[in-house]
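Please keep the structure in view while reading.

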Amino acid sequence: MNTDTQELHPIAGVYLGSCEAKIKKNGKTDLVILELAEGSITAATFTQNAFCAAPVTLAKNNLKNAQPRALLINSGNANAGTGEQGMADAQQTCAWVAQELGCEKNQVLPFSTGVIGENLPLDKFQRGIPLALSNLSISGWEDARKGIMTTDLVPKSVSRVVDIDGCSVTITGISKGSGMIHPNMATMLGFVATDAKINQACLQKCLSDAVNLSFNRITVDGDTSTNDACTLTATQQADMPEINSTDSLAYKAFANEINDVMTELAQMIVRDGEGATKFVSVIVESGASQEECLKVAHAVALSPLVKTALFASDPNWGRILAAVGRAGVDSLDVNALKIYLGDVCIVENGGRAASYTEEAGQAVMNQTDIDIVIQLNRGEAKETVWTTDFSYDYVKINAEYRS
């Protein structure tokens, strides 16, 4: 995955500034501010982890009371598990941004990612915020996507100009995430902006639906972060009629484009999973419901035994069969289902497929991109979850995370 050559289209009404505030130990860019033009509206989704970080709580509260004029993002420190001090620190950082921009402090949404359980180094924010704001530019997406990274190996961004009912609309988004990925609303961090004219209700539905079909369909290691957040901002500056109904053709076209952008960003996170060498699509077909399809998909995608077999390129199909069997599907007929590696049938009639050969299975497992397809043959539902293998490097990266 290489997004370095991708053109990042500016969004009218969004200005981005980044700097090296020395929050990260490696000295790389770690503080990002997005200034949003007056009249912009923002939708958001947040982690459902009970130990949600202070910036998550504050961002939720601020968004209830005002439309944001700025997003403040730092990497290198999660400000999670920090109690009342963490909340006070998050409020202080928002107040500094508000003072610089001449807006109210509840018009700033804070976002943090990094080590849990450490207080924010406020002195570095106090110095870094004016510096980041001095770099504000409508073309600042390149530095911003790097500034939100932690263990990511590559920056992640998607940008496109699309046609919505005969009108030109621009969408640009960035995300970060590599480990602690099993979203329960969104990704580690994701920020998407558009110049579309759309009302708040339509924008929030569009984001929530897109997140559910993208960031909520990826898993690297089964851990839901304390800091997950995803925002979608519309600056209202495109030359188009306002989208104000979810039944309109314009809304449906816009929602499809946002879903495509979110899905691409989500898949980039999986491809950049910590230590990952495989990109795996677990596709569950002909289920009785979406819920049971997701049960089966997650049972396979989260299995350490399946994931280590994938790393070894070992067609150990028994591990996949066992994961499907323990997924908790009521009255599962194991004789009716089929399991495939790519287009190679590995399980049917309750055991190894008569046509299966080790050579055919090995050929699929040697690939970098692998499809595991489970046909339950009990309904019309279908779901896909994207995941990775587990490598030696995953353990090494996380064992050394704080060093």
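The model is predicted, so local features need pLDDT of at least 70 and side-chain atom pairs count only at pLDDT 80 or more, while totals for chains, interfaces and linings use all residues. Residues are numbered from 1 along each chain as its sequence is written, and side-chain values use heavy atoms, with hydrogens and water left out.

**Helix pair**

- Helix H5 (residues 200-213) and helix H6 (residues 249-271) pack at an angle of about 40 degrees, with their axes 9 Å apart.
- The contact residues divide into eleven nonpolar, two polar and two charged (Ala, Val, Leu, Ile, Met, Phe, Trp, Tyr, Cys and Pro count as nonpolar, Asp, Glu, Lys and Arg as charged, and the others, Gly among them, as polar).

**Largest pocket**

- The volume of the largest pocket is about 730 Å³.
- Of its 25 lining residues (an atom within 4 Å of a point of the pocket), Lys 24, Asn 26, Thr 150, Thr 151 and Tyr 401 lie nearest the centre.
- H11 gives the largest share of this lining, three residues.
- The lining comprises seven nonpolar, eight polar and ten charged residues.

**Second largest pocket**

- The second largest pocket has a volume of about 260 Å³.
- Gly 114, Gly 179, Met 180, Met 188 and Tyr 401 are the closest to its centre among 21 lining residues.

Terms used
On a 1 Å grid over the protein atoms alone, a cavity is a set of points where a 1.4 Å probe fits but cannot get out, and a pocket is an open set with protein on both sides within 12 Å along at least five of seven lines; lining residues have an atom within 4 Å of a point. Grid points are joined across faces, edges and corners, and a volume is the space filled by probe spheres set on the points. Helices (H or I, at least four residues) and strands (E, at least two) are DSSP runs, numbered from the N terminus. Axes are lines fitted to C-alpha atoms, for helices over the stretch in contact, and angles run from 0 to 180 degrees between N-to-C directions.
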